[in-house]
Amino acid sequence: MTRRLLRPGGPLNLRDLGGDKFQATIEIPKDADGRVARECPDRACSPGYFKVKLGTGIIGGQVHAYCPYCRHEAGPDSFDTREQARYAKDLLMREIREGVDAMTRDALGLGSSGKRKFGSAFISMEMSLKSTPVPHVRPPLEDEVRRDVVCPRCTLDQTVFGLAMWCADCGSDIFVTHVAAELNVTRSMVGDIDRRREALGLRVEAKDLENCLEDSVSLFEAALKAMARRWLAGREASAEAVESRLKKIGNKFQSIPLTQEVLSEIFGLPPMPDVPWAALNAAFEKRHPIAHNLGVVDRKYLERAQASGRPGREVRITAAEVNTLLDNVLTAVGAVHTKLFPAA
Ligand SMILES: [Zn+2]
Ligand SMILES: [Zn+2]
């Protein structure tokens, strides 16, 4: 009996559609939490890689899915990652390799031993087929630098690897949820400081607090920059024009007075009295002496932050102050977001 190259069923649940067409069902492996990796079809999108938890978010009848970074809209099955495409191809190739091997054995009458003897008592010939081992199929790569976020609108449980703006299922603007999740990472670091002080000492505690302060400022800056990029992209003719305007903003979002200047001069926003700008400024200013002056305060710092204390005394930021700063960063980001993107 001649064997066909591909037989229905098997691990890929092959279906013969007729006319030499087959359909294979390949289950893409999930990570330990049941998440499946997705990738933006726009190859220019960065990082473009995310994950969704199956069974959360929009279930059934979903027409479109979205990239959480650039809001690229496409059918839900258009977000396979290159790694998954490679994995699917590898699995199919393995099936075909096995099919070719089996067909060759059949055609040559080799049977399951892969050997056949020909000839008589005088001359004998042995033919054997040695297959190289079927290649091991490598599962898709997993990334551990991740942040999990549940969409407040559609409940999709999704994982992103950068500051994202959109929900991957419903396409809603969930930027502030993403920012809150990232601020919570720093908050959990602050929550661990007592344990680390007991285990590692006071200097480690001080360094941890400095790092958490730096993180808070970086997050504020990254969030403001992301919003500025999006706002400018809706107004500038080209990506180059957007980047050149962002370049002019530079690192102004690391300073509260300069941030207020940008908000008013570039975005045309009115002052936002509900945002605790003064408290933000006092905390932001603490990082200068702490980070760059070995924890020793200078006069310039005192003038800028209007803090009490004498020059030369060590300026400490406390865990409570960092937690308040994290709250204030979220308030400020939320307020600016509402003003810049009111329809969201
Ligand atoms: Zn994208
Ligand atoms: Zn959603």
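The largest pocket holds about 460 Å³ of space. It belongs to a predicted model. The chain has 344 residues, and 38% of them are buried. Its secondary structure comprises 9 helices and 10 strands. Take contacts between residues at least 6 apart in sequence: 58% of these join residues at least 24 apart.

**The largest pocket**

- The largest pocket is lined by 17 residues. Those closest to its centre are Tyr69, Cys70, Met165, Ala226 and Arg229.
- Which helix gives the largest share of this lining? Helix H4, residues 202–233, supplies 5 residues.
- By class, the lining has 13 nonpolar, 1 polar and 3 charged residues.

**The second largest pocket**

- The second largest pocket has a volume of about 350 Å³.
- Its lining is made of 20 residues. Arg38, Val52, Leu54, Gln62 and Pro76 lie nearest the centre.
- Three strands each supply at least two lining residues: E3 (35–39), E4 (49–53) and E5 (65–66). E4 gives the most, with 3 residues.
- This lining divides into 12 nonpolar, 3 polar and 5 charged residues.

**Helices H2 and H9**

- Two packed helices are described by the angle between their axes and the distance between the axes.
- Helix H2 spans residues 175–191, and helix H9 spans residues 319–340. Their axes come within 10 Å and cross at roughly 175°.
- Angles over 145 degrees count as roughly antiparallel, so H2 and H9 are roughly antiparallel to each other.
- On the H2 side, the contact is made by Phe175, Val176, Val179, Ala180, Leu183, Thr186, Arg187 and Val190.
- On the H9 side, the contact residues include Ala319, Val322, Leu326, Val329, Leu330 and Val333. Asn323, Asp327, Gly334 and His337 of H9 also take part.
- By class, this contact has 12 nonpolar, 4 polar and 2 charged residues.

**Helices H3 and H4**

- Helix H3 covers residues 193–200. H3 packs with H4 at an angle of about 150°, and their axes are 7 Å apart.
- From H3, the residues in contact are Ile193, Arg196, Arg197 and Leu200. They meet Leu202, Val204, Glu205, Asp208 and Leu209 in H4.
- The residues of this contact divide into 5 nonpolar, no polar and 4 charged.
- Leave aside neighbours within four places in sequence, and glutamate 205 is in contact with Ile193, Arg197 and Arg316.

**Two buried residues in loops**

- Methionine 272 sits in the loop between helix H6 (256–265) and helix H7 (277–292). Methionine 272 is buried, with a relative accessible area of 8%.
- What does methionine 272 touch, not counting residues up to four places away in sequence? The residues are Leu263, Trp277, Ala335, Val336 and Lys339.
- Methionine 272 and glutamine 260 are 12 residues apart along the chain. Their C-alpha atoms are separated by 9.2 Å.
- Phenylalanine 161 lies in the loop between strand E10 (157–160) and H2. Its relative accessible area is 19%, so phenylalanine 161 is buried.
- Phenylalanine 161 and phenylalanine 50 are 111 residues apart along the chain. Their C-alpha atoms are separated by 6.5 Å.

**Backbone details**

- Serine 46 and proline 47 are joined by a cis peptide bond, with omega at about -5°. Proline 47 is in the loop between E3 and E4.
- Arginine 71 has a phi near 60°, a positive value in a residue other than glycine. Its place is the loop between E5 and strand E6 (73–74). Arginine 71 is partly exposed, with a relative accessible area of 32%.
- Threonine 155 also has a positive phi, near 70°, and is a residue other than glycine. Threonine 155 falls in the loop between strand E9 (147–150) and E10. At 46% relative accessibility, threonine 155 counts as partly exposed.

Terms used: Residues are numbered from 1 along each chain as its sequence is written. Chains are lettered from A and ligands numbered from 1 in the order in which they are written. This is a predicted model: local features need pLDDT of at least 70, side-chain atom pairs count only at pLDDT 80 or more; totals for chains, interfaces and linings use all residues. Side-chain values use heavy atoms; hydrogens and water are left out. Axes are lines fitted to C-alpha atoms, for helices over the stretch in contact, and angles run from 0 to 180 degrees between N-to-C directions. Helices (H or I, at least four residues) and strands (E, at least two) are DSSP runs, numbered from the N terminus. Angles under 35 degrees count as roughly parallel, over 145 as roughly antiparallel, 65 to 115 as roughly perpendicular and the rest as oblique. Contact means heavy atoms within 4.5 Å. Ala, Val, Leu, Ile, Met, Phe, Trp, Tyr, Cys and Pro count as nonpolar, Asp, Glu, Lys and Arg as charged, and the others, Gly among them, as polar. On a 1 Å grid over the protein atoms alone, a cavity is a set of points where a 1.4 Å probe fits but cannot get out, and a pocket is an open set with protein on both sides within 12 Å along at least five of seven lines; lining residues have an atom within 4 Å of a point. Grid points are joined across faces, edges and corners, and a volume is the space filled by probe spheres set on the points. Buried means under 20% relative accessible area, exposed over 50%, partly exposed in between (1.4 Å probe, protein chains only).
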